[in-house]
Amino acid sequence: MTIRIHSTASRGKVDFEPLEPGRVLFYNCGPTVYDHFHIGNARNFVVMDVIRRHLRHRGFDVRFVQNITDIDDKIINRAREEGKTPQEIAQTYTEYYFNRSGLLGVEPADVHPRATEHIPQIIGLVERLIERDLAYSTPSGDVYFRVREFKPYGELSGRNIDDLREGARVDPSEEKEDPLDFALWKASKPGEPQWDSPWGPGRPGWHIECTAMIHTHLGETIDIHAGGSDLIFPHHENERAQSMGATGQEYVRHWIHNGFLNIEGEKMSKSLGNFRTIEDVLAEFSPLTVRFFLLSAHYRNPLDFSRENLAAAATALRRLTDCLTETANTLRLLGVEDGSPEAEWIAKYDEAMDDDFNSQRAIGVIFELVADVNERRAKRDPDDSDRASLANGLATLRTLCDLLGLDPALDQRGDSSGVNPELAAFAEEIGATPSEQTEEAILQSLIERRAAARKERDFATADAVRGRLGEMGYILQDTAHGTTWKRG
RNA sequence: GGCGGCGUCGCCAAGUGGUAAGGCAGAGGACUGCAAAUCCUCCAUCGCCGGUUCGACUCCGGCCGCCGCCUCCA
């Protein structure tokens, strides 16, 4: 029953034990809002959303925080390029983030703190580190963390200081005591955003904001800290050094990092220029398909993005959504009321997800259930027990999809607005008499009109109904219990 | 150079000391006025070479290939 979780620091699975039983303090490194996020970023958002959902499903009171980095070199540069202020850039892409992640079914976090709203806390943290001699300011107003003074440095990412020193790059303009030291506070250059500080006007370094926001919104020791694998070093290693240096306490009990989304076998990244924004991908594939695809590999493994892989995901997903809608249709035709989820299937799902959030295995369970439900539905002369079983199967399937956030409604936004005039016209033309002018009613009348035609062996009319509806994007299906429709 | 990961059916992808989930694609059959869906059946011995073991895809060693981090990056 315990959840096993792979911890980056120990490089193995351990039992998940939150600091306070029943409660989870969970932080995910969120977006830097300077551009459209790419499909690789989306993987992190979706995967962590699913982990959060599973922990909640397993009874934990989860407090989930995901920051918005709204001050940073990239934002400043972007603003300069576009002749806007950094605030405007941050505002634009923050809205973009919420909008697009919402399309993918990512629930908003409990708190989305912004770096710029935590300057006092950041300054306080830096002061604490200076008091402890773990940080120092320079004549030009920068403040650096003294890496060599923090003995556990490197434990998270599995490297040692001496190895690092050889590879460390030194920017001649920096006044570091040691090349490994990293910036906690940067003196601002003319024209850049700045805040007053004991060291002069400046802005926070990258790593410090996360630590300050975690301390503010979750506490000095948290249960889970997540991010992409590329954040392990130096970002998370540095965060750990800052926090433990300042508090003397453990910072994070379980570090988790998702693998990369690759494109043609190589990491997708802004710097390589081979990235696909979520915008590009959603132009070709539905939100649900994208979400399903992103969950189709274990979160720590690489996942290769390609049109073929997305297309295969779309086909697979269709099998699932067809089962959902067609089973619902069958139950409606049979007049069976809703069932309730089956514990044994939920348990199989839990077993998969409890094992380090293995969404691929969970999806495997879902497809086994799909086959099972299809088999139940294929039964020719269902008795009461068969009907109840089918209803329960559907309820179970819906529950499992919901746990992964695979909500068919993600693909139906806007579909309900208005009735296709062509559809109404066709109904009138062929003599169907809808009870009201809704899509549902018109289709129902057409199905009845067609049934009448079939009864008279007027297959020309019957096929015309199927044919025209097909052109309009509806598929009619004749089942043992009547005719149903679905979108093509 | 240092550190780490990966290599499973045509493709994607789980798993792991006792003879390999699931999806896509494919083959055959059933159902069917048409169509779609669905059902049934079939479809891998796990990069290579050694070793440990009653038994390895799973553990150990070597080799080959691919990828990541070490610099902003999910």
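**View 1. Contacts of Arg377 in the predicted model.** Arg377 touches Cys323, Glu326, Thr327, Thr330 and Leu390, leaving aside its neighbours within four places in sequence. The model shown here is predicted. Arg377 belongs to helix H12, which covers residues 359-377. With one of these partners, Thr327, the side chain of Arg377 makes a polar contact of 3.2 Å.

**View 2. The loop that holds Asp356.** Asp356 sits in the loop between helix H11 (343-354) and H12. Its phi is positive, about 55 degrees. Asp356 is not a glycine.

**View 3. The division of chain A into domains.** Three domains are assigned in chain A. The centres of domain 1 and domain 2, taken over C-alpha atoms, are 40 Å apart. Where the two meet, domain 1 gives 15 residues to the contact and domain 2 gives 13 residues.

**View 4. The interface of domain 1 and domain 2.** The size of an interface is often given as the accessible area lost when the parts come together. Here, domain 1 and domain 2 bury about 1300 Å² between them. Carbon and sulfur atoms account for 57% of that area. How many residue pairs are in polar contact between domain 1 and domain 2? The count is eight, with both residues of each pair at pLDDT 80 or more. On the side of domain 1 that touches domain 2, the elements giving two or more residues are strand S1 (4-7), helix H1 (39-57) and helix H3 (86-103). H1 provides the largest share of this side, six residues. Sorted by class, the side of domain 1 that touches domain 2 has six nonpolar, five polar and four charged residues.

**View 5. Salt bridges across the interface of domain 1 and domain 2.** Side chains of opposite charge can pair when their charged atoms come close. Three salt bridges are found across the interface of domain 1 and domain 2. A close-up of Asp354 shows a salt bridge with Arg58. The closest N and O atoms of Asp354 and Arg58 are 2.6 Å apart.

View 6. The structure as a whole holds 44 salt bridges. One joins the side chains of Arg23 and Asp61, at 3.0 Å from N to O. Which parts of the chain does this pair link? Arg23 lies in strand S3 (residues 23-28), and Asp61 lies in strand S4 (residues 61-66). Arg23 and Asp61 are 38 residues apart, so the pair links distant parts of the chain.

View 7. S1 pairs with strand S2 (residues 12-15) in the antiparallel sense. Four bridges connect S1 and S2. Ile5 stands opposite Val14, a residue of S2. In a regular strand the side chains alternate between the two faces of the sheet. S1 and S2 form a hairpin, with four residues between them. In the turn, Arg11 has a positive phi of about 55 degrees.

**View 8. An open sheet of three strands.** The strand order in this sheet is S12-S11-S13, and the pairing is mixed. Ile263 has Phe305 as its bridge partner in S13.

**View 9. A cis peptide bond at Pro234.** Is the peptide bond from Phe233 to Pro234 cis or trans? The bond is cis, with omega near 0 degrees. Pro234 is part of helix H7, residues 232-247.

Conventions. Residues numbered from 1 in each chain as written. Chains lettered and ligands numbered in written order. Predicted model: local features only at pLDDT ≥ 70, side-chain atom pairs only at ≥ 80, totals over all residues. Heavy atoms only, no water. Domains from an automatic or database assignment. Contact = heavy atoms within 4.5 Å. Buried area = accessible area lost by both parts, 1.4 Å probe. Salt bridge = Lys/Arg side-chain N within 4 Å of Asp/Glu carboxyl O. Polar contact = N/O pair within 3.5 Å; in protein donor to acceptor, adjacent residues only side chain to side chain. Nonpolar A, V, L, I, M, F, W, Y, C, P; charged D, E, K, R; others polar. Pairing = 2+ DSSP bridges.
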